[in-house]
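Welcome! Here is a short tour for someone meeting this model for the first time. Take a look at the sequence and the structure, then read on.

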Number of protein chains: 4
Amino acid sequence: MKNLLADKSSGEDIIVKVKDVTIGGGNLTFISGPCAVENLDTLMAIGEGLKAQGVHMIRGGAFKPRTSPYDFQGLGIEGLKILKAVGEKYNMPVVSEVMDASQIEEALKYVDMIQVGSRNMYNYTFLKELGKLQVPVLLKRGMSATLSEWIYAAEYILKEGNMNVVMCERGIRTFETITRNTLDLNAVAMIKEHYRLPVLVDPSHGTGRRELVKPMSIAGVSAGADGVILESHITPDNSVSDARQTINIKAVGEIMEQCKIVRSVL
Amino acid sequence: MKNLLADKSSGEDIIVKVKDVTIGGGNLTFISGPCAVENLDTLMAIGEGLKAQGVHMIRGGAFKPRTSPYDFQGLGIEGLKILKAVGEKYNMPVVSEVMDASQIEEALKYVDMIQVGSRNMYNYTFLKELGKLQVPVLLKRGMSATLSEWIYAAEYILKEGNMNVVMCERGIRTFETITRNTLDLNAVAMIKEHYRLPVLVDPSHGTGRRELVKPMSIAGVSAGADGVILESHITPDNSVSDARQTINIKAVGEIMEQCKIVRSVL
Amino acid sequence: MKNLLADKSSGEDIIVKVKDVTIGGGNLTFISGPCAVENLDTLMAIGEGLKAQGVHMIRGGAFKPRTSPYDFQGLGIEGLKILKAVGEKYNMPVVSEVMDASQIEEALKYVDMIQVGSRNMYNYTFLKELGKLQVPVLLKRGMSATLSEWIYAAEYILKEGNMNVVMCERGIRTFETITRNTLDLNAVAMIKEHYRLPVLVDPSHGTGRRELVKPMSIAGVSAGADGVILESHITPDNSVSDARQTINIKAVGEIMEQCKIVRSVL
Amino acid sequence: MKNLLADKSSGEDIIVKVKDVTIGGGNLTFISGPCAVENLDTLMAIGEGLKAQGVHMIRGGAFKPRTSPYDFQGLGIEGLKILKAVGEKYNMPVVSEVMDASQIEEALKYVDMIQVGSRNMYNYTFLKELGKLQVPVLLKRGMSATLSEWIYAAEYILKEGNMNVVMCERGIRTFETITRNTLDLNAVAMIKEHYRLPVLVDPSHGTGRRELVKPMSIAGVSAGADGVILESHITPDNSVSDARQTINIKAVGEIMEQCKIVRSVL
């Protein structure tokens, strides 16, 4: 892993601008929203709440890669339109998952940052296409990807000329079953020590348990993360998916507060 | 996992025809060839050797999903042309990996069966596109996919109408480092007990060690596998990739012999 | 891992005698019995059945290492006495788990072979004590032990002078949840290629699913195993523990038949 | 996992006193020292340095459970005597690993707290013996133990009447190879949410990389840990074992400083 564009030795730390939000460079960025975009009214209410808490960007799934083909697959483009409407209303850039190179062009009409999901981290055709654009990319770690594979996935994008890559640790697959995944903060610390990419943590998917989101958010920031992605909803128990790990708007604000305090003293 | 098209209870066991080769239905199918297509002369020599041993189909990588963007990425379409030439010369259907929905149409001019590699098992856009065709698909297990996720990946294809799906166990990621992967024969036995899909084993990638290919091939057939994929080369140590797990043509014949004997007595 | 007593290069393959039963040296040995010794009558009935099938040795847990301190911990010495009575009645050597160096002396009054369970593979004090005796030892692999660690555990015994060590692969811990463990036949093949220790497989614990015991037994023998340990009961559904993976006496006979056929042709 | 003595619902949070050091109850406890006790002079120098930094307890291995029987196995009782001498000189309680029930009595002449190492977490005979005493126990997590198994291991001690149990997360075994283990802070947060046991983190073994010890210590405290165990040496590169993860005395002080600041604001 020598001489990669991602290496600290290859240049200054990478700072990614998503409209007027800056990720990296000492900033602490918060992205929040529901697992899946459900409808305009609900997302508007969520957006209003998150904006009031000072959240920087809004997220929500429109193209949902689901294990079963019989499960809800998301609203697709319709979902992206809703996201864009809410993002514009509350002046928050939006990020959403795109599953394939073929969806990039259409998606870019609506989103400000493209998320490469855990299942697509090894989709090198997709990564190369993203590398040819200047769109900010949120690159989630594959659920069993080594740090080295994850960095190389980023390198696929950087190598093509797009330096706007933000890493996101979202939990790895281990033998443990009491948490949905095992949020791996070692990887976060490794990136901050050895690479120049910004990195966020996603303790919602990373643990799959609501009560762990707060301590693991703070721990993530302490390990060096440049921000946190929080799955939230106005009525978490009514989420169409991932209810068990979703927190309410007020909890988002409390977590942000604690994270900022910790960041300020470190 | 109830009421899937893949379930044994949903119908007869699935038999997949690739030109005049039949996979499943009590047949024992052998597929062999180099990790990567290197050039016409080498592949012709390999093809000649494999045909003489009675191998049914030839394989070789043209689009190579490599961890590092700086590694050899395969010959691409040029590689598929070479495969087709050798397949036609020795009357063996060819299978090769395609990495993305966008490559399917072009690839189908040259290959008889499309391999979905381990890194793309969760690429649902790709799987859905393959479901809309009638092309035989070799669906490798994701390197950390649960059996349930793997079956659901097949279901993405079946659901769209393409019943020509062959599973391939190629080793899972565990804590063990002495083998490249851990070939999981439990999953093979589970499929034969509970699902109606044919399943092959790939002990070359599955173990990453040449000396284990023979015992694990025989063990795979004993666990119920419908065939074996063997990475082979006329001069294994000269393979451009994966030399450590590649065997020579004579070894392919010996392994086939043993597998057939075991199958005949079970 | 050079220059170990366990290495093939250090001498002839090790053959272990347990009374008149020989493990290794080309023999195919079958050990069977219930997960836990329950009472004399039940074990006598099991022993009678197993003897009639040609099983070589009887097993049964008396000291049960249970995850919860509130679960049934086994009958202890009373259980060993029952085992000995049944073993003598049907002329089958008995093997049972001992959990600690302090139990060895007492246990040796009743058992012919001491099992080191998965949880105790790293208990080096225990291993060293076993090394000072000439008792046959059945060394189960730790649930997440690398092959290297497992071989070194055997070496702890060999180094002290006791060469009567039989390895037993019993499934490793992976991300997969549909099977209780993942029986790792790669490790079996590795041992037969590189080490001179006999090795058995335990597909009952290794898979935790009754329907997988037969295919994985045959696969284990095909991978090179010197024998199989089968959890059995006269009425499997009434087992006090591990009922889900326990088979009946008739099934034991059928599996033995298939394993012997495969062994005879390889 | 209902109605355990370890459950929060079973009573007040457990506070463990080791001489005049208190673990739990809102305290932040630091334990440090070398991987292995080497000789009196070196440990005296380390002890002097650690005391000056405000470290509460000193640690050092005397009985070393090593993977290979041919590796250095520690100084044994001689090592414990050195530990005791240093602990008395600098008024720091000492903790050291004991490998087996048979060593407890002798060890208690020298140590103030007994460490159950990762390899012995499932050694239930040992745990039960510790439960019959009132000695403080540092219970390291098994390298692949689920949280549930680890809690039950503690319960083995609690159930016998010894409530002086301190948990220690020391990294789990995953597919990742760039770190020695994966320090699992999710488990720390889970314990603080659901159980009444104090829990420490060991980022030295947990990551195996010197540069990660500081960020993961702070992250551990942020996740709720009651203290940190730091492997240290006056000349880390000269450690007889684990040099790669050992830090110097000054670094211990810096990490303590940062941890205390974070704790004070949370």
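A salt bridge links D:Glu176 to A:Arg141, with 3.2 Å between the closest N and O atoms. This is a predicted model, so please read every value here as computed from it. Between chain A and chain D the count is 2 salt bridges. Polar contacts join the two chains as well: 9 residue pairs are found across this interface, both residues of a pair being at pLDDT 80 or more.

Which helices of chain A supply at least two residues each to the side that touches chain D? They are α6 (185-194), α7 (203-207), α8 (210-222) and α9 (249-265). Of these, α8(A) gives the largest share, with 7 residues.

Now for the extent of the interface. The size of an interface is often given as the accessible area lost when the parts come together. Chain A and chain D bury about 3000 Å² between them, and carbon and sulfur atoms account for 71% of that area. In terms of contacts, 39 residues of chain A meet 39 residues of chain D. Three residues stand out on the chain A side: A:Phe175, A:Asn186 and A:Met190 supply 21% of the area that chain A buries against chain D, more than any other three residues.

Let us turn to the aromatic rings. A pair of aromatic rings is described by the distance of the centres and the angle of the planes. Over all chains, the structure holds 4 aromatic pairs. Two of them are set out here.

| Pair | Centre to centre | Angle of planes | Arrangement |
|---|---|---|---|
| B:Tyr124 and B:Tyr156 | 4.2 Å | 15° | stacked |
| C:Tyr124 and C:Tyr156 | 4.2 Å | 15° | stacked |

Where do these rings sit in their chains? In chain B, B:Tyr124 belongs to helix α4 (residues 124-131) and B:Tyr156 to helix α5 (residues 147-159), so the pair ties together parts that are 32 residues apart in sequence. B:Tyr124 is buried at a relative accessible area of 1%, and B:Tyr156 counts as buried at 1% relative accessibility.

In chain C, helix α4 (residues 124-131) holds C:Tyr124 and helix α5 (residues 147-159) holds C:Tyr156, so this pair ties together parts 32 residues apart in sequence.

How values were computed. Residues numbered from 1 in each chain as written. Chains lettered and ligands numbered in written order. Predicted model: local features only at pLDDT ≥ 70, side-chain atom pairs only at ≥ 80, totals over all residues. Heavy atoms only, no water. Phe/Tyr/Trp six-rings, centres within 6.5 Å; stacked < 30°, edge-to-face > 60°. Helix = DSSP H or I, 4+ residues; strand = E, 2+ residues; numbered from the N terminus. Buried < 20%, exposed > 50% of the residue type's maximum accessible area, 1.4 Å probe, protein only. Contact = heavy atoms within 4.5 Å. Buried area = accessible area lost by both parts, 1.4 Å probe. Salt bridge = Lys/Arg side-chain N within 4 Å of Asp/Glu carboxyl O. Polar contact = N/O pair within 3.5 Å; in protein donor to acceptor, adjacent residues only side chain to side chain.
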